[in-house]
Amino acid sequence: MTVSRDEIFISLVPRLVSATYFDEAATAVLQAMFACVEEALADSPFAGRARILRGVVHLRPEGSYLRLFGIDRSSGARIEGTGYLTSGSVWSWIEKHRCSVSIDVQRASLRSWMPDGAIELRDPSEAAGMPGDATRRRMLDRDATHVHVVPLRAPGGCVDGMITLEASSRGAVGRELPWAECYEGLEILASIAGAFIAARALPLRADEPASPDEFLPVVGQSTAHLVELLRAFAPRDDTILITGPTGAGKSRLARWCHEHSQRRGQPFESLDLLGVPEDLQMAELFGWKRGAFTGAIKDNPGAVARAAKGTLFLDEIDKLSLKAQAGLLRFIEERAYRMLGDDGAGERRADARLLVGTNADLRAAVRAGRFREDLYYRINVLPVRLLPLAERLDELPRWADYMLNRRHQEADGKGTARFEPEAMKLLVSAPWPGNLRQLDNIVRRAYALQLAGQSGLGGDLVMQRRHVERALTFDTDAEPSALVKLLWRAALSFVNEAERRRGGGAPLPLDLTDAFRGMVLGAAVQRAGNRDDGFTLLGQEPLLKNRNHHRTLRRELSRVREVLDVLGGDVDPDLQAVLDADKDP
């Protein structure tokens, strides 16, 4: 018994409103779409001859996968793995044209559902969204003869993903399933879904929560959904594009994907293109024969050959020259390449899975002509985005402990190593423009500073706040703009507190910001160890000559106390020590 379209629409909204997980919302939308299509099939010549197989919701804000969930129509079970992925080229079509498409997999034709009607495209130059031959074979292997794809629009109209529906009707070769009859209904359902799914970014409920391992020792709430996606992506041979800022851990994620793939135990080759000059990129990728160029004193197999049967991770791929991009594109398409200086030996082949990393906007690079569009679509198959450390602060304490204990073990330290609470608070409150790489440097530096003040490595080690603070100071000195960032963060914090208090009728006076001067003076005195040296550090020698610096410090610290009286809360131990010292006769 089929359900009417009105009943489908009416029943969907309450399910979306009550959904607390992405899989619940996605299941509700897919089941509504299944019912909408089946209503159209029941009144068509395909009744009893076509069936809906499965559906998938792809949430891809800004192009990168955020959530992915699919269900089987007959069993209602979640689909595992990525065998149900339609194609990266289909997404590119949806993102560019912002309209639904239907694909006849057997005929290799694509019908675009434009607002003014459907247009069938079979010319490869026009049907750029058509899946490639390998993808079409995989789809036919899972009995998917027809696919319909609907854009998932967020409030405001931007396309944040797509919904794919796969159907089977072997007897309908060359005949279009009745998508036209349910086109409008599917569009309405996708609009409703976008309002609830794309806007709320619901968490994905995992059967087995992401857990750390030796290749990814820290998995916080901020990256748990990413690890769940990579669990599905890693076993496939499709290219994974990992975007994210420098130092955030893209190479570690790539290694994790390799170790969780069918190629684990085989070579893992990583090539950072940032450190390779343009004229040597082809050579580093594909190798060279002795004498191929000045300095080539012996044969070098190249990164592709070293990664054979395993995984090749190309980081900073946006730095690849247009010439090297053409060579890489050919390797991706044909798995064929040629070593430099090896003209007589012919082409070589290598079976290597490709993972790619970048911190650049590749779409902007394509528009600027710096990156080949065809290569972009070849590598943008399974895109994921790794957040900067500043947006993963829930992970920072565990990363810091991991790095500290690794450093302690490398130094043959006895017992365990940990940060005292105040030292950890300092790490969490610091800005991290250099991400995990910067944190590792800070931990190493603080560890060295603490060991310099003690003899031996016996017993447990507790990292003290003053050593962490000193280690952070080196980074601030190396990056003057970091001070401006910190001052701006302090200004925003002040304004945030003012907004919070406005509702209570007691505004936060701007004059309280004068206390910052006292905090700086107090920090200088605390760091220098005495008042004279502290004032000299800040260029206040004239006050020393007149011996007015004691009175100045007392006045400025009184303003600090006024702020503490107004704001309340915990006081930094070092600041409290400065305030207590000022009370001494």
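Leu-543 sits in helix 20, residues 541–545. Helices here are DSSP runs of H or I with at least four residues, numbered from the N terminus. The model is predicted: local features need pLDDT of at least 70, side-chain atom pairs count only at pLDDT 80 or more, and totals for chains, interfaces and linings use all residues. Residues are numbered from 1 along each chain as its sequence is written, and side-chain values use heavy atoms, without hydrogens and water.

Leu-543 is partly exposed because its relative accessibility is 22%; buried means under 20% relative accessible area, exposed over 50%, and partly exposed in between (1.4 Å probe, protein chains only). Beyond its neighbours within four places in sequence, Leu-543 contacts Phe-535, Asn-548, His-549 and Thr-552. Contact means heavy atoms within 4.5 Å. Asp-532 lies eleven residues from Leu-543 in sequence and 9.5 Å away, C-alpha to C-alpha.

## A nonpolar patch

Leu-483, Leu-487, Phe-516, Met-519, Val-520, Leu-537 and Leu-538 form a nonpolar surface patch of about 600 Å². Helix 17 (481–502) and helix 18 (515–528) each give two or more residues to the nonpolar patch. Helix 18 gives the largest share, three residues.

Patch residues have over 30% relative accessible area and no salt bridge, and nonpolar side chains (Val, Leu, Ile, Met, Phe, Trp, Tyr) are joined within 5 Å. A salt bridge puts a side-chain nitrogen of Lys or Arg within 4 Å of a carboxyl oxygen of Asp or Glu. Leu-487 belongs to helix 17. Its relative accessible area is 40%, so Leu-487 is partly exposed.

## Cysteines

The whole structure has zero disulfides, a disulfide being a pair of cysteine sulfur atoms within 2.5 Å. Cys-99 is buried because its relative accessibility is 4%. Cys-158 is partly exposed, at 37% relative accessible area.

Methods. Patch = residues over 30% accessible without salt bridge, like charges linked within 9 Å, V, L, I, M, F, W, Y side chains within 5 Å. Areas by Shrake-Rupley, 256 points an atom, 1.4 Å probe, with all protein chains shown as cover.
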